[in-house]
Amino acid sequence: MSEKFQNFINGEWKYSDSGEFSENRNPANWKEDLIGLFPKSTVKDVKEAVQSAKKAFEKWRLVPAPKRGDVLKVVGDLMTERKNEIAFEMTREMGKVNAETKGDTQEGIDTAYYAASEGRRLFGMNAPSELNNKMNLSFRMPVGVAGIITPWNFPMAIPTWKIFPALVCGNTVVFKPAELTPKTANTLIHIIDTAMKEVLGKDYIPGVVNLVHGSGRVVGEAFLADKDINLISFTGSTEVGKRINEVGGRELKRVSLELGGKNAQIVMPDANMDLALDAVLWGAFGTTGQRCTATSRLILHKDIYDMFVTRLTEKTSKLRLGYGNNENVDVGPCVSEQQRETVEYYVNVGLNEDKAKLCCGGKRAEDGDLAKGWFFKPTIFIEVTPEMRIAKEEIFGPVLSVIKCRDLDDAIKILNNTEYGLSSSIFTNNVNDAFKAVRDIQAGITYINGATIGAEAHMPFGGVKATGNGHREGGWTVYDFYTEWKAVYIDYSGKLQRAQIDNY
Ligand code: UN1
C-alpha cells in the first residue's frame with residue numbers, strides 16, 4: 001500500500017473532506033514507481049484553509065518583521081540540510097535531472113535567505129510635508145490572505161518565490177501546488193512549519209501557511225470564488241492566467257501572473273560559436289525544454305546558418321536520455337503522458353501544417369528502459385519561418401525551431417514576432433549590437449552571451465506582453481506585490497493645519 005499524504009490546514013495534517021486521492025508517479029518509470037497518493041481536495045477544504053489563514057493573519061501581521069525573517073532563515077537552513085533528499089524526490093516526481101533539481105532547491109534556499117534579510121528592511125519612504133511642523137511617512141503593510149498557485153516545472157523554487165516574500169511581509173498563505181508535484185510541496189510545508197515552531201515556540205500561530213492539494217478546476221476555482229483571499233499569485237498557462245485575471249479583477253483581488261513564453265536566442269556572425277552552441281543546447285533541452293524561459297526559437301544569421309545547424313544537430317544527437325537520478329543523463333522525460341502528447345501534436349503541426357524540415361529527433365525515445373517513461377527525443381526543426389505555428393506557439397517540450405535572419409534588425413523583428421515576452425538572448429561580440437538588442441527586444445529578461453534560462457533569484461523575474469500582467473517576482477520587486485502602502489501624516493504644530501485650503 002503506498003503512502004497517503006495529507007493537506008495541512010490550521011496547523012494540522014489532515015485528509016481531504018472528499019476521502020479521495022490521486023496518484024503521483026515517476027514520469028521516467030510510471031508503471032513501476034508509484035510515489036504516493038495525494039488528496040483530491042474540495043471547496044470545503046479550501047474554505048477551511050482560508051478561514052484559518054484569515055484568523056492567523058490577525059496575529060502573524062503583528063509579529064515583528066525581523067522575527068518573521070528569522071523563520072525564513074531557519075527555513076533556508078533546513079532546506080540546505082535536506083537539499084540532496086529534496087532533489088532526489090523532485091527528480092523522481094517530475095523528471096528533470098538531479099543537478100537541475102539541486103539547482104531548483106538552491107534557488108529556494110537563496111530566496112529564503114533573501115526573504116530573511118528583507119525582514120530587516122521592508123523599507124518605506126518619507127516625503128516632506130506641504131505644511132510646517134508636520135511629518136509625512138509611508139509604510140509597507142501586509143495585504144491579507146495570499147492564494148498561491150504553482151506549476152510543476154520548478155516545484156520548489158517557484159513556490160518559494162511566492163510564499164517567502166508573502167510571509168515576511170506579514171501575509172498568511174493558502175498554497176495549491178501543481179497536481180504533478182505534490183510531494184515537493186509537502187516537504188516545503190513541513191519545513192516551514194518546523195521553522196515556525198522553532199522560532200515562535202509557545203507563540204506558534206496555527207494557520208499561517210496552509211496546503212491544499214488538488215486540481216485547478218476545484219481548488220483553483222475555489223480560490224477565485226473565496227472573498228477572503230485577498231491576492232492570488234499564479235504561474236502557469238496564459239489561458240488559466242486570463243481566467244484568474246478576469247474573475248480576480250471582478251472581485252478586486254490583487255493578481256500576479258507569470259505565464260507563457262516563446263523565447264529566442266539570436267546568434268550573430270561575430271559571436272563565439274562554441275559558447276552559442278552550448279547555450280542553445282542548455283536553453284532548449286535543459287529541463288526537457290519545460291521551462292517558461294526555455295529557448296524554443298533559434299535565430300541564426302544567414303552567414304553562419306548552415307555551419308551552426310550542422311554542429312548543433314551533431315551535438316543534440318549525442319544528448320543522453322534517462323532517469324534523472326542516474327549518472328550521465330543529460331535529459332529526462334516529459335513530465336506526463338499528456339505533456340508528451342502536446343509535444344507530438346506540435347511535431348505534427350511542424351511537419352504537416354507548417355511544412356518545416358525536421359533535422360533531428362521528432363519521435364518518442366523508446367529504447368530499453370526509456371520505454372518505461374514519457375521520453376521524447378530532442379527535436380530540431382529548420383527552415384522555420386516567423387509566421388509558422390511552431391515559431392509562435394508555446395510547446396513546453398524538447399523542440400527547437402530554427403529561423404534564418406538577414407541582419408540584426410531582422411533578427412530583432414523576428415524575435416519580437418510573438419505574443420509573449422519573457423526571456424531572450426543574443427550572442428555577439430559587437431558591443432553596439434548588444435546594446436541595441438537590450439533596447440529593442442520586447443522581453444522582461446535579455447541575456448548577452450548567455451542562454452535564455454538561468455535567471456538569478458535576487459533579480460526581477462517576469463515578462464511583457466502575454467507573459468504576464470506587469471508584476472515581477474524575485475529580488476526586491478516582488479515586495480511591491482505583497483504589500484500595500486500606508487501613508488501617515490503626523491502634525492506636531494499644536495494647531496489644526498488645513499491642507500487643500502489655499503495656503504500659498
Ligand atoms: C520557469 O520556468 O517558470 O530562469 C522558471 C530560469 C529559472 C526559473 C525558471 N531560474 O530558467
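**View 1. Helix 4, end to end.** Helix 4 runs for 21 residues, and its first and last C-alpha atoms sit 30 Å apart, close to the 30 Å expected at 1.5 Å a residue (the expected span being 1.5 Å times one less than the number of residues). Helices here are DSSP runs of H or I with at least four residues, strands are E runs of at least two, and both are numbered from the N terminus. Buried means 20 or more other C-beta atoms within 10 Å of the residue's own, exposed means 12 or fewer, and partly exposed is in between, with C-beta atoms placed from the backbone. A quick note on the model: it's predicted, so local features need pLDDT of at least 70 and side-chain atom pairs count only at pLDDT 80 or more, while totals for chains, interfaces and linings use all residues. Residue numbers start from 1 along each chain as its sequence is written.

View 2. The protein chain splits into domain 1 (35–259 + 468–487) and domain 2 (263–448), with bounds from an automatic or database domain assignment. The contact takes 13 residues from domain 1 and 14 residues from domain 2, a contact being two C-beta atoms, placed from the backbone, within 7 Å. On the domain 1 side, helix 3 (83–94) and helix 4 (98–118) are the elements giving two or more residues. Helix 3 supplies the largest share, 4 residues. That side divides into 5 nonpolar, 4 polar and 4 charged; Ala, Val, Leu, Ile, Met, Phe, Trp, Tyr, Cys and Pro count as nonpolar, Asp, Glu, Lys and Arg as charged, and the others, Gly among them, as polar.

View 3. Gln 339, Arg 340, Val 343, Tyr 346, Val 347 and Gly 350 are buried in helix 11. Seen down the helix axis, the buried residues of helix 11 fall within an arc of 120°, so they line one face; the arc is that of the directions from the axis to the C-beta atoms. They pack against strand 15 (379–384), helix 12 (389–392) and strand 16 (399–405). Exposed residues on the other side of helix 11 include Glu 337, Tyr 345 and Glu 353. Just after helix 11, Lys 355 takes a positive phi of about 60°.
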